[in-house]
Amino acid sequence: MAEGPLPKRKREEEEEEDGEAAHHDGAAAAATTAPFPLAELRLRRVLRESARDKAVFLHGEVTSPSGEGTDAVIILEKTPFQEEKVSDLLKKHMKLELQMRNDIYSTYHLYPPPELSEIKTTVVYPATEKHLQKYLRQEVHLIRETWEDYKNITLPFIQSQSFSIQWVYNILEKKAEADRIIHENPDPRDGFVLVPDFKWNQNQLDDLYLIALVHRREVKSLRDLTAEHLPLLRNILQEGKEAVAKRFGVPGSQLRIYLHYQPSYYHLHVHFTALGYDAPGSSVERAHLLADVIDNLAMDSMYYQKRALTFALRADELLFKKFQEVGRV
Ligand code: M7G
């Protein structure tokens, strides 16, 4: 892909320095209904492509009338089949082209009508450098982070560098996605909001994915949790399961309910995914089952301020470099 002039990129530092302004921008963006100008996007490069997930992650640029380019990340993803639409697909297909035939075996190219060939499209715009990094395919390494490492390396880093969590505040304040809320416990200390994760289009239950966002704002991640948070965590586990069973008919025994460490967004949240779905980020080096977290805290309030935690970092990440500098990798 030809590299053009360096585009304008929304900088994380700007958001940090300019907290209030960013807050207003985010709230305004939440209310915007105009669709993203996809056709005008200039494709700069493919950040990552996954044959297994049938998804492609693109870095594009939108050029304003004044000629200034702004970065965007576009994720295009083929969605799972919906059982109830399969017979439509057989009946209403536009074309069926034979690819090969051998004995009793044959394969075809089937071209579905537009309403049955949706591509889930996620847009991050304007995208920061950190967003581009997040989706770029990179070599990864495991880090074993002690509590001292957390305090000396990770915490200062996340305080200066992490993604804006304006989108979380927009949900909690009902400025965005208010009509998507599945359940809310409004208690400011022990309450939370459960919404469909934006990875899930809600068309089928196979890849069910919801996220519980806590109302309290000072809990960044698993590392901050103590026994004080047990009522909050138990509410999420109990009420979250009940809400999913009631709305989607999926029982708690078929849900994987977990926290990420490290998360991308440092406002405590819990992932709810269908057990049969191999969700991105559900592997052992990142997912911590909520039920286990609760048990650990009940046994020892300081459990997550004592033990080392393992996670993977990409080789080009600044945090990885910080661990490298002090010889921890
Ligand atoms: P994470 O563990 O902080 O990071 O999870 P990850 O994205 O690397 O997994 C944050 C979760 O919030 C992810 O599952 C995202 O898909 C989801 N998410 C992110 N954003 C920006 C939104 C949003 O605007 N709305 C909703 N509903 N979910 C989001």
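Biologist: Leaving aside neighbours within four places in sequence, which residues is T122 in contact with?
Modeller: This is a predicted model, and what follows describes that prediction. T122 sits in strand β6. Once the residues up to four places away in sequence are set aside, its contacts are V73, I74, I75 and F198.

Biologist: Is T122 buried or exposed?
Modeller: The cut-off for buried is under 20% relative accessible area. T122 has a relative accessible area of 9%, so T122 counts as buried.

Biologist: Which side chain makes a polar contact with the side chain of T122?
Modeller: T122 belongs to strand β6, which spans residues 119-124. The polar contact has a length of 3.5 Å. The partner side chain is that of K120.

Biologist: What relative accessibility does T273 have?
Modeller: T273 is part of strand β12. Buried means under 20%. T273 counts as buried because its relative accessibility is 0%.

Biologist: Which residues does T273 touch, not counting those up to four places away in sequence?
Modeller: T273 is a buried residue of strand β12. Its contacts are L208, Y209, Q254, L255, R256, Y258 and A279.

Biologist: How far apart in space are T273 and R307, C-alpha to C-alpha?
Modeller: In sequence, 34 residues separate the two. In space, the C-alpha to C-alpha distance is 26 Å.

Biologist: Now the ligand. Which of the 17 residues around the ligand come nearest?
Modeller: The shell divides into 7 nonpolar, 4 polar and 6 charged residues. Those that come nearest are K134, E177, D197, H260 and S264.

Biologist: How far is a polar side-chain atom of E177 from a nitrogen atom of the ligand?
Modeller: E177 is one of the residues that come nearest to the ligand. A polar atom of its side chain faces our question, and the ligand atom is a nitrogen. The distance is 2.7 Å.

Biologist: An oxygen atom of the ligand is 2.5 Å from an N or O atom in which side chain?
Modeller: The residue is among those that come nearest to the ligand. The 2.5 Å pair has an oxygen on the ligand side, and the side chain is that of H260.

Biologist: What share of the ligand's exposed area does the protein bury?
Modeller: Taken alone, the ligand exposes 590 Å². The share of that area buried by the protein is 92%.

Biologist: Which elements give two or more residues to the shell around the ligand?
Modeller: The shell has 17 residues. The elements that give two or more are β10 (209-214) and β12 (269-274).

Biologist: Next, the backbone. What is omega for the peptide bond between Y125 and P126?
Modeller: P126 lies in the loop between β6 and α4 (129-135). The bond from Y125 to P126 is cis. Omega is about 0°.

Biologist: Where does Q262 lie?
Modeller: The peptide bond from Y261 to Q262 is cis, with omega near -10°. Q262 is in the loop between β11 (255-260) and β12.

Biologist: Is K174 buried, partly exposed or exposed?
Modeller: K174 is not a glycine, yet its phi is positive, near 60°. Its place is the loop between α6 (166-172) and β8 (183-185). K174 has 37% relative accessibility, so K174 is partly exposed.

Biologist: What is the phi of Q202?
Modeller: Q202 is found in the loop between β9 (192-196) and β10. Q202 counts as partly exposed because its relative accessibility is 34%. Although Q202 is not a glycine, its phi is positive, about 65°.

Biologist: Which elements do the buried residues of α10 pack against?
Modeller: The buried residues are L319, F320 and F323. They pack against β7 (140-145), α5 (147-161) and β14 (309-314).

Biologist: What arc do the buried residues of α8 cover?
Modeller: In α8 (residues 290-299), L290, V293, I294, N296 and L297 are buried. They are on the same side of α8 because their arc around the axis is only 165°.

Technical notes
Residues numbered from 1 in each chain as written. Predicted model: local features only at pLDDT ≥ 70, side-chain atom pairs only at ≥ 80, totals over all residues. Heavy atoms only, no water. Buried < 20%, exposed > 50% of the residue type's maximum accessible area, 1.4 Å probe, protein only. Helix = DSSP H or I, 4+ residues; strand = E, 2+ residues; numbered from the N terminus. Contact = heavy atoms within 4.5 Å. Near = heavy atom within 4 Å. Polar contact = N/O pair within 3.5 Å; in protein donor to acceptor, adjacent residues only side chain to side chain. Areas by Shrake-Rupley, 256 points an atom, 1.4 Å probe, with all protein chains shown as cover. Nonpolar A, V, L, I, M, F, W, Y, C, P; charged D, E, K, R; others polar. Arc of directions from axis to C-beta.
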